[in-house]
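Please look over the sequence and the model below.

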Amino acid sequence: MGAELLDRSVKPPRLNSLGSRVLEQARDLLQRTEALKSLTSSDAEPHGLLRVGLAHALAEGTLIEPIQALAEKFPKVRLRLSSELTGELINRLLAGELDVAAVLLPEGKTAPPPLLTTIIASDRMEIVQGAAGNVDGNWKSLGRAPWVLNPPGCFLRANLIDRMERAGFTLMIAAEVHNMHMQLAFVQSGYGVGLATRSLYCQDSFYRFVKVLHPPVV
């Protein structure tokens, strides 16, 4: 190591403060080496901490069943879930704070390198209002309507604002909440218009209480 690691003024010699720190890191390196070896072993059972991120719109109760199935199949794997905005999850992946994340990305866009992107499903975002709403499907009417959206940092919100401004109107925010089910509840009640995935609003609990608006492309 090119440094004194032992205090030889006592018998038997013992580690000095630098030697203690070197020993601590050496043990950590040995543990990481064993973990790397287990990755290449075909018969090794997966184990350790798996840090998974979920975009807010994807964090719902239907995930309980696959999470339980994962725990049953790999009992030595400890799962840690985090729910955040897509941008925040990507930053945490780049920083090495997450191992994998399920995020929302626009069609044709991938996560920045060196991250790898695998498409596991596709969906369509729609502008929706309550079944009794009277907002017309044009940008002028939508510019006058109150909106229920994710807080700042959501690329869907940013894209909507951009389209609204290109049409010459400004978005009026009535509520900012992360939970899409709560957003739809606000929309159903007539509190404002919002965004929802087609798969979500087509569920029986929502389909009869919302209607879709199709403003012209700008």
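**Salt bridges and a helix in a predicted model**

Glutamate 176 is partly exposed, with a relative accessible area of 40%, where buried means under 20% relative accessible area, exposed over 50% and partly exposed in between (1.4 Å probe, protein chains only). This is a predicted model in which local features need pLDDT of at least 70 and side-chain atom pairs count only at pLDDT 80 or more, while totals for chains, interfaces and linings use all residues. Residues are numbered from 1 along each chain as its sequence is written, and side-chain values use heavy atoms, with hydrogens and water left out.

Q: Which residue forms a salt bridge with glutamate 176?
A: A salt bridge is a side-chain nitrogen of Lys or Arg within 4 Å of a carboxyl oxygen of Asp or Glu. The closest N and O atoms of this pair are 2.8 Å apart, and the partner of glutamate 176 is arginine 157.

Q: How many residues apart in sequence are the parts that arginine 157 and glutamate 176 tie together?
A: Helices (H or I, at least four residues) and strands (E, at least two) are DSSP runs, numbered from the N terminus. With a relative accessible area of 11%, arginine 157 is buried. Because arginine 157 lies in helix H5 (residues 155-166) and glutamate 176 in strand E8 (residues 172-176), the parts tied together are apart in sequence by 19 residues.

Q: Which residue meets arginine 51 in a salt bridge?
A: Arginine 51 is partly exposed, at a relative accessible area of 22%, and lies in strand E3 (residues 48-55). The partner sits 48 residues apart, in the loop between helix H3 (86-94) and strand E5 (100-102). The two side chains meet at 2.9 Å, N to O, and the partner is aspartate 99.

Q: Which residues are linked with Arg92 in a network of salt bridges?
A: Arginine 92 forms a salt bridge with glutamate 97, their closest N and O atoms being 3.2 Å apart. Arginine 92 has a relative accessible area of 22% and is partly exposed. The network links Arg92 with Glu84 and Glu97.

Q: What arc do the buried residues Met180, Gln183, Leu184 and Val187 of helix H6 cover around the axis?
A: Met180, Gln183, Leu184 and Val187 are buried in helix H6 (residues 180-188). The arc is that of the directions from the helix axis to the C-beta atoms. These residues lie on the same side of H6 because they cover an arc of only 95°.

Q: Which residue takes a positive phi just after H6?
A: The phi is about 90°, and the residue that takes this positive value just after H6 is glycine 190.
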